[in-house]
Amino acid sequence: MATEKEKMLSGALYNGADKELVSERLRTRQLLKQFNDSLPGSLEFREQVLRELIPLQGNGLYIEPPFFCDYGSNINVGEKVYLNFNCTILDVTLVTIGNNVLIGPSVQMYAATHPVDWKVRSSGLENGKPISIGDDVWIGGGTIICPGVTIGARSIIGAGSVVTKDIPNDVVAAGNPCRVIRKLDA
């Protein structure tokens, strides 16, 4: 029988009040508190906390505090990634961020979701859908990325967009809902 954590990571319905998950979120909150309260010049300390918080990361991850996430361990970050101030990642399942990605301030990535059926939703069960961001992507400030979305390589997402569907490679996309505005030269 699968644990609630295994169900969560697979995208199946799970109980978020499970003791193991609550404990892991508490540990994450403690690490986030250390990171977010750190002094601006304490780069080594910040890197150390981020390595513990987000173990699946390449070289060159830089996050401006404050930063928020559910677990951190379900975020897979490539090389040379920058997250500006006040980003939130609800990583109940895998959130993958490619190489050379620029993420503007107050960007929110929601891999967490809830059942459409109100009876199931009222039971307290929830689930998630993975998010994937390709290499060399630029996401403008204030963007919201919804569960299950893939953003293709080299694309640009305009500030304030709400990304509800996949975005292909090599495009500029913006709006609410986010839509392709034009193609970029590959």
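Which residue of β10 stands opposite Thr88? In the predicted model examined here, local features require pLDDT of at least 70 and side-chain atom pairs count only at pLDDT 80 or more, while totals for chains, interfaces and linings use all residues. Residues are numbered from 1 along each chain as its sequence is written, and side-chain values use heavy atoms, with hydrogens and water left out.

The residue opposite Thr88 is Gln108 in β10. Strand β10 (residues 108-110) is joined to β7 by three bridges, and the two run parallel. Strand β7 (residues 87-90) is also linked by three bridges to strand β4 (residues 67-69), again in parallel; here Cys69 has Ile89 of β7 as its bridge partner. Two strands are taken to pair if DSSP finds at least two bridges between them. Strands (E, at least two residues) and helices (H or I, at least four) are DSSP runs, numbered from the N terminus.

An open sheet is formed by five strands in the order β2-β5-β8-β13-β16, with parallel pairing. Its edge strands, β2 (56-57) and β16 (150-151), each pair on one side only. Strand β13 (residues 131-133) pairs with β16 in the parallel sense over two bridges, and Ser132 has Thr150 of β16 as its bridge partner.

Overall, the secondary structure of the chain comprises four helices and 20 strands. The radius of gyration is 17 Å, close to the 16 Å that the globule rule gives for 186 residues, so the chain is as compact as a globular protein of that length; the radius is taken over C-alpha atoms, and the rule is 2.2 Å times the number of residues to the power 0.38. The C-alpha trace spans about 50 × 45 × 25 Å along its principal axes. Of the 186 residues, 43% are buried (under 20% relative accessible area, 1.4 Å probe, protein chains only). Among contacts (heavy atoms within 4.5 Å) with a separation of 6 or more, 25% are between residues 24 or more positions apart.

The largest pocket has a volume of about 180 Å³. A pocket is an open set of points on a 1 Å grid over the protein atoms alone, where a 1.4 Å probe fits, with protein on both sides within 12 Å along at least five of seven lines; lining residues have an atom within 4 Å of a point. The volume is the space filled by probe spheres set on the points. Helix α3 (43-53) and strand β3 (62-63) each supply at least two lining residues, and α3 gives the most, with five. The lining includes Phe35, Arg46, Gln57 and Tyr62.

Methods: Buried means under 20% relative accessible area, exposed over 50%, partly exposed in between (1.4 Å probe, protein chains only).
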